Amino acid sequence: MNLSAAQEEFRQFLRKESHRITPERFEVLDYALSYEGHFGADELYLKMKTNNSNVSRATVYNTLELLAACDLLAKRNFGENKSRYESNYERKNHDHLICISCGAIKEFSEPKIEQIVEEVSKKLGYDVSGHSFNIFGKCTNENCKLNKNAK
Ligand SMILES: [Zn+2]
Ligand SMILES: [Zn+2]
């Protein structure tokens, strides 16, 4: 993936908001936008550590917040007591199915939901900046048990 446009966007955001532009922040950007799927701050921090990065946990945490603030990352809450992030860079808007048994997260795009969001917000006089739609339940396939055992 070519991240140079994302890096430029982040650089401009940091400058505009008077945050310091540091190589560590861009290292977090690279890891976060290359991460497959949904991750918590600690998972990303551990992944960086494993790859011999010297970035501190605090820098990972606050850089993820900054990346979410400039919309390069989407911040999610899947009903756990932690936030998760995922790349929002060159990605289509989507919603999630969350398995409460094995924790698997499936993504889907449903135009009807976009339509409802538009209709409801128009009716109630709202300027939408985003939406989050989660479906909780249990996978109905064999993998659910397998995932659970692997955890
Ligand atoms: Zn997602
Ligand atoms: Zn499951």
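Q: Which helix does A5 lie in?
A: Helices here are DSSP runs of H or I with at least four residues, and strands are runs of E with at least two, numbered from the N terminus; A5 lies in helix α1, which covers residues 4–16. This is a predicted model, in which local features need pLDDT of at least 70 and side-chain atom pairs count only at pLDDT 80 or more, while totals for chains, interfaces and linings use all residues. Residues are numbered from 1 along each chain as its sequence is written, and chains are lettered from A and ligands numbered from 1 in the order in which they are written.

Q: Does A5 count as buried or exposed?
A: A residue is buried if 20 or more other C-beta atoms, placed from the backbone, lie within 10 Å of its own, exposed if 12 or fewer do, and partly exposed in between. A5 counts as exposed because it has 11 C-beta neighbours inside 10 Å, and of the 151 residues of the protein chain, 16% count as buried.

Q: How many helices and strands does the protein chain have?
A: The protein chain has 6 helices and 5 strands, which follow one another along the sequence as α-α-α-α-β-β-β-β-α-β-α.

Q: Which domains does the assignment give?
A: Domain bounds come from an automatic or database domain assignment, and for this chain it gives domain 1 (1–91) and domain 2 (92–151). The contact between them, counted where C-beta atoms placed from the backbone lie within 7 Å, takes 5 residues from domain 1 and 7 residues from domain 2.

Key: Contact = placed C-beta atoms within 7 Å.
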